[in-house]
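Thanks for passing this one along. Here are a few notes to read beside the model.

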Amino acid sequence: GGNDVPPAVEMALKFLSGGPYPSRGTVRCAQKYAWVPPTAAAAAGGSAPPEPVEYAVTVLGVTPSADLERDTELALAVARGRKRGGTACLREGLTSRALSLYQAGAEVC
């Protein structure tokens, strides 16, 4: 939750996070659920349908949020992960998503 991952991946995590770990799956979704900019054809007004996006997801484990309050190193690792996600979004031109992830990282600490 909290816009940490694209909506399609979040849905996959809900289904894969029951264990045993590691759990693996593939997510195929429309671009609007993947945080990717529209295809060049669609952006230029073309009629080509947007291509689907595919993610390979591996869940290594699930960390209860209460652990983040007690474990400083874990909280810092989560904050760093959100910063990396924000930087990746910024590179793709997804400025509002990047800012959201940066803010979420700051709130963990």
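1. Confidence. Please keep in mind that this is a predicted model. The protein chain has a mean pLDDT of 75, with 73% of its residues at 70 or more. Where does the mean pLDDT of the elements reach its lowest and its highest value? Helix α2 (residues 40–43) has the lowest, at 53, while helix α5 (residues 95–108) has the highest, at 84. I would word any comment on helix α2 with that value of 53 in view.

2. Fold layout. Five helices and two strands make up the secondary structure of the protein chain. Read from the N terminus, the order of the elements is α-β-α-β-α-α-α.

3. Contacts along the chain. Taking contacts between residues at least 6 apart in sequence, 62% of them link residues at least 24 apart.

4. Burial and surface. Of the chain's 109 residues, 23% are counted as buried. The accessible surface of the protein chain amounts to about 7,300 Å², and carbon and sulfur atoms account for 56% of that area.

5. Cysteines. How many disulfides does a search of the whole structure find? The search comes back with zero. Are Cys29 and Cys89 buried or exposed? Cys29 has a relative accessible area of 10%, and Cys89 has one of 7%. Both values lie under the 20% cut-off, so Cys29 and Cys89 are each classed as buried.

Notes:
Residues are numbered from 1 along each chain as its sequence is written. This is a predicted model: local features need pLDDT of at least 70, side-chain atom pairs count only at pLDDT 80 or more; totals for chains, interfaces and linings use all residues. Side-chain values use heavy atoms; hydrogens and water are left out. A disulfide is a pair of cysteine sulfur atoms within 2.5 Å. Buried means under 20% relative accessible area, exposed over 50%, partly exposed in between (1.4 Å probe, protein chains only). pLDDT is the predictor's confidence in each residue, from 0 to 100. Helices (H or I, at least four residues) and strands (E, at least two) are DSSP runs, numbered from the N terminus. Contact means heavy atoms within 4.5 Å. Accessible areas come from the Shrake-Rupley method with a 1.4 Å probe; for residues, only the protein chains shown count as cover.
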